Amino acid sequence: MLKLSGSNLTSQAVVRAVREGWTISLDTAQLAKVSQARELVLRLLDEGAPVYGINTGFGKLAETSISRESVAELQRNLILSHSCGVGEPFSGEVVRAMIILRANALMKGHSGIRPEVIRLLVELVNQNVIPVVPSQGSVGASGDLVPLAHMSAVLIGEGEAYYRDQRLPGAKALERAGLSPVQLEAKEGLALINGTQAMTAQAVLALYDGLILLKTADVAASLTMEALRAIPAPLDEKVHALRPHGGQALVAANLRRLLEGSGLVYGGEHDRIQDAYSLRCVPQVHGATRDAYSYVEGVINTEINSVTDNPILFPEEGQVISAGNFHGQPVALALDFLGIALSELGNISERRIERLVNPQLSGLPPFLTERSGLNSGYMIAQYTAASLVSENKVLAHPASVDSIPTSANQEDHVSMGSIAARKLGSILANVQNIVAIEILCACQALEFRDKGQLAPATRAVYDLVRSAVPRLDGDRFLAGELKTVRDLAASGRVLQAAAGAVGELA
């Protein structure tokens with residue numbers, strides 16, 4: 001069970017709740033604070049003074065007064081008018097995460113929404129009612145208005161949702177799940193959609209899968225280092241103590257553990273003084289990506305425990321402040337940064353793939369096949385990796401440097417954070433495939449080495465791969481095998497194999 005209180009939520013917990021089907025509950029004590037903020041909304045309505053989003057229009061229409069009799073209609077109209085997304089729907093995982101994150105933000109008690117609306121929101125997850133949320137249409141300020149409106153439309157019996165994998169009108173999906181739609185009251189529609197939860201939902205999933213990828217990239221590098229009999233001196237702890245970036249030291253330590261006991265790396269003399277950068281600088285390059293990841297994780301864990309709507313209510317002071325916590329710039333910059341960092345992980349992995357398949361660099365048979373010419377081996381697998389790397393160079397261009405004014409220039413700077421999040425997801429998937437290609441090629445390269453000299457950790461990974469994909473003795477259809485290894489890597493099974501020999505990697 002995951003209990004939401006508005007505080008102490010982690011990205012890891014959100015993803016586990018989404019993927020493992022945890023029940024979502026609400027902290028009872030914190031709901032009292034939610035109710036206090038609701039009481040302030042009612043007092044403000046009684047006083048009649050103009051308060052943005054409660055008895056006024058939205059955006060450029062903030063100066064338009066709304067009568068007390070029309071405030072409920074205003075909130076319903078807000079959800080309907082903002083439900084104008086396009087593109088493929090987000091995955092169920094993303095939408096579930098959006099719901100959990102929005103509910104957690106509302107539980108902070110500064111949004112003015114009724115507790116029963118938050119309860120219905122989390123019951124969508126608990127009863128497996130998944131709103132259909134188009135993936136395009138958010139500019140990331142005032143928050144992710146469009147996707148959150150599609151999410152919220154189901155609460156009022158509008159829009160569409162999946163129930164038990166069947167796509168239904170929103171009202172029908174609620175009915176099938178034994179739930180009833182709610183009639184929104186003053187401030188509640190705005191409270192539901194003013195926030196960054198579409199971009200942060202994608203972010204928490206990328207962080208979870210990204211950490212598996214970062215560690216798996218270290219495993220892939222260690223396999224390649226054995227296949228190419230890399231010089232181990234650059235991994236020496238003394239080297240990294242002189243340039244004490246945390247990620248660099250961490251990766252070097254991982255590689256030392258993964259390669260401990262390797263006769264291919266630590267046994268005998270080497271016929272060269274230095275290795276190429278893609279081998280020698282693994283700690284520096286992978287480590288820099290680790291440091292970027294740590295920064296982004298901190299930003300996201302702060303964001304998912306924050307109030308990100310407008311106006312913000314302070315019930316103890318009886319105060320309401322219109323401000324800009326909905327602006328996605330902190331998240332947009334972080335997600336662009338992580339996309340760039342993961343792209344670099346793919347760049348250096350592809351260079352190691354090239355070293356494995358190129359006989360002039362590896363000393364191994366051309367393209368890792370004994371009968372080259374008749375067979376092409378893994379020649380074109382490197383092309384695939386190169387294609388993905390090149391695609392990532394386009395995707396890594398930051399979305400956050402762009403801004404197009406909206407709402408008749410009232411909202412004259414926006415973050416494009418949701419675009420940064422979608423690009424990050426594509427980059428992550430591409431790098432998962434690149435690293436899988438490296439693992440596949442490295443295991444094939446090890447067929448031409450003495451596998452009895454493998455380190456225990458790399459031997460365990462080699463055995464796992466070979467349990468699913470046989471050595472390449474002649475050309476065959478490879479696409480399915482690439483997907484198999486990609487799934488082994490993305491699921492964490494490659495890491496589990498290595499950890500079985502040397503313990504959990506950092």
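So, the largest cavity: Leu335, Asp336, Gly339, Leu395, Ala396, His397, Ala420, Lys423, Leu424 and Ile427 form its lining. Keep in mind that we are looking at a predicted model. The space inside the largest cavity is about 30 Å³, and the structure has one cavity of 30 Å³ or more. Where does the lining come from? Helix 15 and helix 18 each give at least two residues to it, and helix 18 gives the most, with four. Sorted by class, the lining of this cavity has six nonpolar, two polar and two charged residues.

Now to the open space. The largest pocket holds about 490 Å³, and 27 residues line it. Nearest its centre lie His82, Ser142, Leu145, Ser407 and Glu411. Helix 3, residues 71–82, and helix 6, residues 145–153, each supply at least two lining residues, and the most come from helix 3, which provides three. The class make-up of the pocket lining is 12 nonpolar, 14 polar and one charged.

Please hold on to Ser142, as there is something to see in the backbone there. Ala141 and Ser142 are joined by a cis peptide bond, with omega about 10°. Ser142 sits in the loop between strand 5, residues 134–136, and helix 6. A cis bond is also found from Asn310 to Pro311, where omega is near -5°. Pro311 belongs to the loop between helix 14 and strand 8, residues 312–314.

Staying with the backbone, let's turn to phi. Asn128 is not a glycine, yet its phi is positive, about 60°. You will find Asn128 in the loop between helix 5 (115–126) and strand 4 (129–131), and with a relative accessible area of 29% it is partly exposed. Leu368, also not a glycine, has a positive phi of about 65°. Its loop runs between helix 16 (359–362) and helix 17 (379–395). Is Leu368 buried or exposed? At 0% relative accessibility, Leu368 is buried.

Helix 15 brings me to the aromatic rings. The count is one aromatic pair. The ring centres of Tyr295 and Phe337 are 6.0 Å apart and their planes meet at 55°, so the pair is tilted. Tyr295 is in helix 14, residues 282–303, while Phe337 is in helix 15, residues 329–357, so the pair ties together parts 42 residues apart in sequence. Both partners are partly exposed: Tyr295 has a relative accessible area of 45%, and Phe337 comes to 37%.

One last stop, at Gly452. This glycine lies in the loop between helix 18 (417–445) and helix 19 (456–468). With 67% relative accessibility, Gly452 is exposed.

Terms used: Residues numbered from 1 in each chain as written. Predicted model: local features only at pLDDT ≥ 70, side-chain atom pairs only at ≥ 80, totals over all residues. Heavy atoms only, no water. Phe/Tyr/Trp six-rings, centres within 6.5 Å; stacked < 30°, edge-to-face > 60°. Buried < 20%, exposed > 50% of the residue type's maximum accessible area, 1.4 Å probe, protein only. 1 Å grid on protein atoms, 1.4 Å probe; cavity = no way out; pocket = protein on both sides within 12 Å on 5 of 7 lines; lining within 4 Å. Points joined across faces, edges and corners; volume = space filled by probe spheres on them. Nonpolar A, V, L, I, M, F, W, Y, C, P; charged D, E, K, R; others polar.
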